[in-house]
Every structure is written in C-alpha cells, then in structure tokens.
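Dear colleague,

Please find the structure below.

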Amino acid sequence: MSNTRNARRWQPWAMAMGVIAILALIGSQLLPNDDSAQQQGKLTYNDNCASCHGADLQGTRQGPPFLHQVYEPSHHGDEAFYRAIANGVQAHHWRFGDMPAVPNVSREQASDIIAYIREQQRAAGIK
Ligand code: HEC
C-alpha cells in the first residue's frame, strides 16, 4: 500500500528529470561544431598524447609542454602537428628524445586535437 503511494509521489519528479534530460540532450546537439571538435580532440589527446605532453598540456618527463611559446601557431603551425603525428619527431628542441609516430590517429582526429590544443593555448595567452 504505502509503496504504491510512494511511487505516485515520485512520479512527477521522474517525469521532470526525464524532461530535463531530454532538453539537455537537445541543447548539446545545438552546440557549434567547433566546440565538439575541441571536445573530441581532448578525448583523443588524452588517449594518445597526454602520456608525454601531459593531461594539462604542461608536459611530462617524457615530452614537452604545448602551453609554451615554442608551440605558438606562428612557430609550429598546424602542419607541424599533422607531421609529428604521421611521422614522429626527431628530438631537436628539447632533451626528451624522439617522438614516435602515432599511426592510429587519423588526419581528422589530428585536426580535432589541434583545435583542442589551440583553444587551450589561447586560454593561456599563447597566440
Ligand atoms: C612517447 C612520447 C610522446 C607521445 C605519445 C607524443 N609525443 Fe609529441 N613529442 C614528444 C617529444 C619528446 C617531442 C619533442 C621533440 C623535440 O625535441 O623537439 C614531441 C614533439 C611534438 C611536436 C613538435 C613537433 C615539431 O615540429 O617540433 C608536436 C606538434 C607533437 N609532439 C604533437 C604530439 C601529438 C599531437 C601527440 C598525440 C597524438 C603526441 N605528440 C604524442 C613525445 C611524444
């Protein structure tokens, strides 16, 4: 008895939560493309680059930080990123050693990663 009454009491809440969830879903579909490229890029970056370049883009003992003047767009353009991912990098700026190619990252995924890194750089004042 009391169970059914409780269930009735919770029904409007469940409906409200459902409506909110649906609205949130619709809202997320309406985000501009650029944002979703950056979000996708962040995931791909975390899986493939963060182990060396750092989850916060500040570098690790395995690789250099991207939030660094050396990697501003005018010094390392987007093409340098595509090339690094496709071919790897011979150590030349730092003493971390060579970067191996990351062949499982497609050019499209690379473009998302670049969108993510550029956005983080802009936020850090590296333009
Ligand atoms: C195993 C470690 C490692 C991983 C994983 C790694 N990198 Fe690197 N990366 C390095 C090191 C070390 C350097 C610095 C080479 C040097 O001395 O200039 C570097 C340099 C770079 C450069 C600069 C290239 C240039 O022209 O100087 C770019 C761009 C880059 N990495 C992008 C990436 C991206 C994007 C990913 C993920 C898809 C990634 N790296 C994954 C170690 C790594």
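A residue is taken as near a molecule if its C-beta atom, placed from the backbone, lies within 6 Å of it. On that basis 25 residues surround the ligand, and the closest are Cys49, Cys52, Gly63, Phe96 and Met99. Two elements give two or more residues to this shell: helix H3 (50-53) and helix H4 (78-87). H4 supplies the largest share, four residues. Helices here are DSSP runs (H or I, at least four residues), numbered from the N terminus. By class, the shell has 16 nonpolar, nine polar and no charged residues (Ala, Val, Leu, Ile, Met, Phe, Trp, Tyr, Cys and Pro count as nonpolar, Asp, Glu, Lys and Arg as charged, the others, Gly among them, as polar).

This is a predicted model: local features need pLDDT of at least 70, side-chain atom pairs count only at pLDDT 80 or more, and totals for chains, interfaces and linings use all residues. Residues are numbered from 1 along each chain as its sequence is written.

The protein is divided into domain 1 (1-30) and domain 2 (32-123), with bounds from an automatic or database domain assignment. Their centres, taken over C-alpha atoms, are 41 Å apart.

The axes of H4 and helix H5 (residues 107-123) come within 10 Å and cross at roughly 130 degrees (lines fitted to C-alpha atoms over the stretch in contact, angles from 0 to 180 degrees between N-to-C directions). Asp78, Phe81, Tyr82 and Ile85 in H4 meet Arg107, Ala110 and Ile114 in H5 (C-beta atoms, placed from the backbone, within 7 Å). By class, this contact has five nonpolar, no polar and two charged residues.

Regards

Note on methods:
Two residues are in contact if their C-beta atoms, placed from the backbone, lie within 7 Å.
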